[in-house]
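Subject: Structure for your reading

Dear colleague,

Please find below the structure that I am handing over to you.

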Amino acid sequence: MINRPRSALAALALSATALVALVASEGYSDKAIIPVPGDVPTVGFGSTTRDDGSPVQLADRTTPPKALGKALRDVQAYEGKLKGCVTVPLTQGEYDAYVDMAYNVGPTAFCGSNLVRLLNAGDYDGACAQILRWRFFKNKDCSLPENKRLCGGLWTRRQAQNKQCLGVAP
C-alpha cells in the first residue's frame, strides 16, 4: 500500500480535470438518446433527469451551456451524497474517481455498495479494486471482447477510475 496524503472530505471538491474527463466520458448529445440498447434516455452529458427531477424523454433537447450547467449541478448533488456516506479522508484522485463513479451509477447505488463499506473500514486499496467489479451492463460483462461494441466504453472508464483511485498516472 502506498502512503498518500489524504484530506477530510469537507476540504475536497471535484477537480477541473476530473470534471472535463467526466463529461468527455459521458459524451454530448443535444437531443435525448438511448446511449446503448436497454439503457434509459440521456441528454447533454449523460443526464438522465431534467432540471425538475423528472426523467429525460426522447423528445428533450439541450444546448452545450445548459448541458454543462446540468452536469455541474448533478456532480455537486452527487458530491453531497458521497460526503454523506463516506466517512474517511481521501486523496484528490480517490475523490475524483468516486464522484465520477457516483455520477455514472447513481449516488444511491454507490453509497450502498461494498466499495463504500470497504472504504469506510479503511481498506483503501480494496475499495479501489471494487471499481473494477462494476463492469456489467444488463448482465453483460463489459470487460469481455465480445461485448466491446455494446459496452466496452464502460470497462475503459472503470479501468481509468481504478488507476485514478490508486494514484497511478494515466
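R158 is located in helix 7. Please keep in mind that this is a predicted model. Is R158 buried or exposed? With a relative accessible area of 2%, R158 is buried, because buried means under 20%. Not counting residues up to four places away in sequence, R158 touches M101, N104, V105, I131, L132 and W134. The C-alpha atoms of R158 and C142 are separated by 9.9 Å, and these two residues are 16 residues apart along the chain.

Q161 also belongs to helix 7, which covers residues 148-166. The relative accessible area of Q161 is 1%, so this residue is buried. If neighbours within four places in sequence are left aside, the contacts of Q161 are A97, D100, M101 and I131.

A total of 36 residues line the pocket, and E26, D39, N104, L154 and R157 lie nearest its centre. Two or more lining residues come from each of helix 1, strand 1 (29-33), strand 2 (42-44), helix 2, helix 3, strand 3 (136-137) and helix 7. Which element gives the most to this lining? The answer is helix 7, with nine residues. Sorted by class, the lining holds 14 nonpolar, 13 polar and nine charged residues.

I turn next to the nonpolar cores. In soluble globular proteins, nonpolar side chains tend to be buried together. The largest nonpolar core in this model has 33 residues. Those with the most contacts inside this core are L82, V86, L90, Y98, F110, L115 and L119. The elements that supply two or more residues to the core are helix 1 (16-26), helix 2 (64-85), helix 3 (92-105), helix 5 (114-120) and helix 6 (124-130). Helix 3 provides the largest share, seven residues. There is also a second, separate core of six residues, which includes V36, F137, L154 and W155.

L82 is in contact with L9, Y95, Y98, V99, F110 and C111, leaving aside its neighbours within four places in sequence. V86 is found in the loop between helix 2 and helix 3. At 4% relative accessibility, V86 counts as buried. Not counting residues up to four places away in sequence, V86 touches L9, F110, V116, L119 and N120. L9 and F110 are in the list for L82 and in the list for V86. V86 and L119 are 33 residues apart along the chain, and their C-alpha atoms are separated by 7.4 Å.

The aromatic rings come next. How many aromatic pairs does a search of the whole structure find? The search finds three. One of them is formed by Y28 and F45, with 5.1 Å centre to centre and 45° between the planes, and this pair is tilted. Y28 lies in the loop between helix 1 and strand 1, while F45 lies in the loop between strand 2 and helix 2. The pair links distant parts of the chain, with its two residues 17 residues apart. Y28 counts as partly exposed, at 35% relative accessibility, whereas F45 counts as buried, at 13%.

Finally, I would draw your attention to two backbone angles. Most residues other than glycine have a negative phi. K138 has a positive phi near 50°, and this residue is not a glycine. N139 is likewise not a glycine, and its phi is positive at about 65°. Where are these two residues placed? K138 is in the loop between strand 3 and strand 4 (140-141), and N139 lies in that loop as well. K138 is exposed, with a relative accessible area of 53%. N139 is exposed too, with a relative accessible area of 76%; exposed means over 50%.

With kind regards

Methods: Residues are numbered from 1 along each chain as its sequence is written. This is a predicted model: local features need pLDDT of at least 70, side-chain atom pairs count only at pLDDT 80 or more; totals for chains, interfaces and linings use all residues. Side-chain values use heavy atoms; hydrogens and water are left out. Helices (H or I, at least four residues) and strands (E, at least two) are DSSP runs, numbered from the N terminus. Buried means under 20% relative accessible area, exposed over 50%, partly exposed in between (1.4 Å probe, protein chains only). Contact means heavy atoms within 4.5 Å. A nonpolar core is a set of buried Ala, Val, Leu, Ile, Met, Phe, Trp, Tyr and Cys residues joined through side-chain atoms within 4.5 Å. On a 1 Å grid over the protein atoms alone, a cavity is a set of points where a 1.4 Å probe fits but cannot get out, and a pocket is an open set with protein on both sides within 12 Å along at least five of seven lines; lining residues have an atom within 4 Å of a point. Ala, Val, Leu, Ile, Met, Phe, Trp, Tyr, Cys and Pro count as nonpolar, Asp, Glu, Lys and Arg as charged, and the others, Gly among them, as polar. Rings of Phe, Tyr and Trp (its six-membered ring) pair if their centres lie within 6.5 Å; planes under 30 degrees apart count as stacked, over 60 as edge-to-face and the rest as tilted.
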